[in-house]
Amino acid sequence: MIRDALLLQLGYNATLVTLGAALLGMAAGVGGTFLFLRKRALVSDAISHATLPGVALAFIVMVALGGDGRNLVGLLTGAAVSAALGLLIVTWLSSKTRLAEDAAIGAVLSVFFGFGIVLLTVIQTMTAGRQAGLEGFLLGSTAGMLRSDALVIAVSAALTLALVLLMRRPLTLASFDPEFARSTGQNVTRTDLIMMALVLAVTVVGLKIVGLILIVALLIIPPVTARFWTERTDHVVLIAGLLGGVSAYVGAAISAAMPNVPTGPIIVLVGFALFACSLLLSPARGVVSAYLRHRAYQRQVHLRQGLLALAHGQPIYERLTLRLLRRQGWALPDGVATPEGQGRAARAMRDETRWQVIRRDPAYEAAAARYDGLTPIESVLTADQIAEVDSRIEVAT
Amino acid sequence: MTLTLATKDGLAAQDAARDKSPLAIRGMTVSYGQKPAVFSVDMTVEPAKMTAIIGPNGAGKSTLLKAALGIVKPLAGSTTVFGKPVARVRDRIAYVPQRASVDWDFPTRVIDVVLMGLYPQLGLLGRVRKSHRDAAQHCLERVGMEGFATRQIGQLSGGQQQRVFLARALAQDADLYLLDEPFAGVDAATEKAIIKVLKGLRDAGKTVVAVHHDLSTVPEYFDNVFLINTRRVAEGPVATTFTDMHLQDAYAGRLAGAQMDAIRAT
Amino acid sequence: MNGSEFVPLSLVPMLTGIFVAVACALPGNFLVLRRQALIGDAISHVVLPGIVVAFLLTGVVSTWPMLLGAAGAAIIAVVAIEAVRRLGRIEAGAAMGVIFTAMFAGGVLLLEQSDTSSVHLDVEHALYGNLESLIWLDATGWSSLWDPVALAGVPVELPRMALTFVGVALFTVLFWRPLKISTFDEGFARTIGMRTDLLGLALVIVAAIAAVAAFDAVGSIIVIAMFICPPAAARLMTNRLEWQVAWSVLFAVIAAVLGYVLAGYGPLWLGLVDSVSAAGMIATVSGVILGLAALFGPHRLRGSAAPIG
């Protein structure tokens, strides 16, 4: 069943929704990257929660005008308007009052959502027991979706993705280095506005698929995951788009195959699984490799410090240092150097002395900048340079 | 660069000096990521003196202080204060952080910040008595801020903020004062006021250690210097240690000629 | 007010609302000042997976397992956020966003996969609670307040919330000085021997306890609103922490009372038949209070902060 879904064999609607979700996931991954790089990831949480009163009001207005209130385009328009208002208030509170942005975000998301709940209870009264179906906007539901709705979602997801790709370059520049972007004459305020409009579009389009509580995950998790795999902004954008697309595609397919699995949560969990793997296993920034690197580094530092102490004839005070020296066979349990340890210590001392010489000489500034207490000087200087340095040491002593 | 092997007697003398020292750091290495900010640094501060920690930007001056106090976790090394581990003598230490390290928009008044220095006396629930308020007010007077007690801290100038921090340290009535860049971005009047207070502390037998970046004022303000550039470069009295050679060691070529001239002129 | 109607129907929800609001607003003051306002957001989202797991483990819907499950989830979330932030070197907001959405999604999925049709456990309930249902059936009027038989029938949410409020208030009073000092200047706090890491964790745990105790009665939305809106509004009214906390308590009480009354009677005044969600209305009122403070509060603008450097 899941295989069928992944291969898009579950009928026209399910296929449309799955493809729409994948497009939306890509747009969210790319758009979310800019938000993440500007350190404003949770602004999207305020935006998404702020859609609820808009959806509810749109429903009420459409019913009041004689419609049945469930027109998707109408509901999404309402969502966009109130989300924009919420965003405006976040910006106003954090720029015009002394409140910090996190407080502004929290206030807007809870108050808008609370007001939305009030309106939902009003709707319950209006429809008198008839399901308005708005609960689907909380967690997303794609089961039993109308064909027209599926089309609306697929098309608007495609449009959002196109918009994101179109704006990729100025957004990358502005989020990587706003100062530089400004100096090249780019209007960063406007770029920020475009970024927010993109986030808004992703949120609104994603309401029906992922739901307003979890749509932030689609904007946040892929960029955070991508960050583990590269240091380059343009690559983060690319990888985040890919990860977002894959999570949404797989999640939507699973949900299509198993109707009692809600779409939003499963998409989020697929994305989170990718994140967890990256957090643990990424070679450059992963937890496992970072831990191993840190341990190795700490060992090196202690050994080096121990050797220098031996060279100075100082006792070894730290137990870890002594233990490491003993394990290498460089010192005896009472802290006295073995013959090999003496040789090592003398070499470490000589290295350190050479470093001292080049660190005080402006001519070697570039090489000296690589001093970290551990790098052997042979790796930064040529043999001739070392000979030159040594000649100065002899003069000094 | 003289590499004499320490004799047994020499070692014993070193240990004795460390035990008496208000602040003795041994084998301190602190690293942010894989690049050490401070590498295998020893420091033995002389009692009842004013010591400046100097070195180029990013040389690990502030990091050394923070690691000594346990604010950042060192990779290796240990600190003793008056011969004891820091945790056992906290009441004898007063620390003045960099001014920019706190949020000055915090809703509180000048006098409340100074009263924070009395927390070790007051404890969780001890009542703030008139004697405490008077003590705090007196500390404000010593830094020339007596008129600002009820002022909201966000309304102070940079120099005034620094003086409030110093007043809080005075309220702690410590024996060792550690200051992180106390003169950074303050006006001339504040600088004078602060140095007067610090010299007063020293004359009363207290020990003062300050991270400092203005080389031209070192001889005028301080008794001792500690030069650092990731590693310890030199430490000792200004007259013998604050020399061209050591400055060259610490700053390499990064000291502008004009600056060197200014130092020589003093 | 007519006691025979007010006491059984409105007294308990109103008091519960007040205790919830104040219990959340107290730690909220410090969270807002520490730029951790959104911890409340994260905690309230992970309450759902906590209660679902507790239900799956015990098979019953009963108070204590669920409270423990929710508290456990809150602590796991806080630890996980901290771990992601430090180990992955990810900015705090993004780390929060990853963890709480994933946990919430897990909770929803578990809920949908398990047979909870027989019990009262659903997502909407966890989101906006049901304050109005806290009816005191045994009460006949004000005199019931002195009637031990009637008192035995008070909905359990009220004494539970009152106890939580007392605990939170005690924590705030007892640790007032360390909280204040470490929130203002963490480095200094450490040099005088404070365990700032433990204190920060304790603050978050206290906030989590308040959120967990509150969610059953009022849902998670009002919890977030009460963590943030009253303290944020209070910050705009004064420049002293002591007064800020006092203002926040006042605002929390006003929001709870006014929100409950408006939800119950507002629609009637507008000619509608049924009442609306009290939790939603309390959040809405707190937002209006914040809006007014942001427009007219005497200390709404940043002080003439001295230029740095």
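Reader: At what angle do the axes of α10 and α11 of chain C cross?
Author: This is a predicted model. In it, the axes of α10 (residues 196-235) and α11 (residues 241-269) of chain C cross at roughly 125° and come within 8 Å. Angles from 65 to 115 degrees count as roughly perpendicular and those over 145 as roughly antiparallel, so α10(C) is oblique to α11(C).

Reader: Left-handed or right-handed crossing?
Author: The crossing of α10(C) with α11(C) is right-handed.

Reader: Which residues make that contact?
Author: From α10(C), they are M226(C), P230(C), P231(C), A233(C), A234(C) and R235(C). α11(C) supplies Q244(C), W247(C), S248(C), F251(C), A252(C) and A255(C). By class, the contact of α10(C) with α11(C) has 9 nonpolar, 2 polar and 1 charged.

Reader: Switching to chains C and B. How many residues does each give to the contact?
Author: Chain C gives 26 residues and chain B gives 30.

Reader: Which elements of chain C give two or more residues there?
Author: On the side that touches chain B, those are α8 (176-184), α9 (186-191) and α11 of chain C. α9(C) gives the most, with 4 residues. That side of chain C has 11 nonpolar, 9 polar and 6 charged residues.

Reader: And the sheet in chain B, what's the strand order?
Author: The order is β2-β1-β4-β5 in an open sheet of 4 strands, with antiparallel pairing. β2 (35-44) and β5 (84-85) of chain B are the edge strands, each pairing on one side only.

Reader: How many bridges between β4 and β5 of chain B?
Author: β4(B), residues 76-81, pairs with β5(B) over 2 bridges, in the antiparallel sense. V81(B) stands opposite K84(B) of β5(B).

Key:
Residues are numbered from 1 along each chain as its sequence is written. Chains are lettered from A and ligands numbered from 1 in the order in which they are written. This is a predicted model: local features need pLDDT of at least 70, side-chain atom pairs count only at pLDDT 80 or more; totals for chains, interfaces and linings use all residues. Axes are lines fitted to C-alpha atoms, for helices over the stretch in contact, and angles run from 0 to 180 degrees between N-to-C directions. Angles under 35 degrees count as roughly parallel, over 145 as roughly antiparallel, 65 to 115 as roughly perpendicular and the rest as oblique. A crossing is left-handed if the near helix is turned anticlockwise from the far one by less than a right angle, and right-handed if clockwise. Two residues are in contact if their C-beta atoms, placed from the backbone, lie within 7 Å. Ala, Val, Leu, Ile, Met, Phe, Trp, Tyr, Cys and Pro count as nonpolar, Asp, Glu, Lys and Arg as charged, and the others, Gly among them, as polar. Two strands pair if DSSP finds at least two bridges between them.
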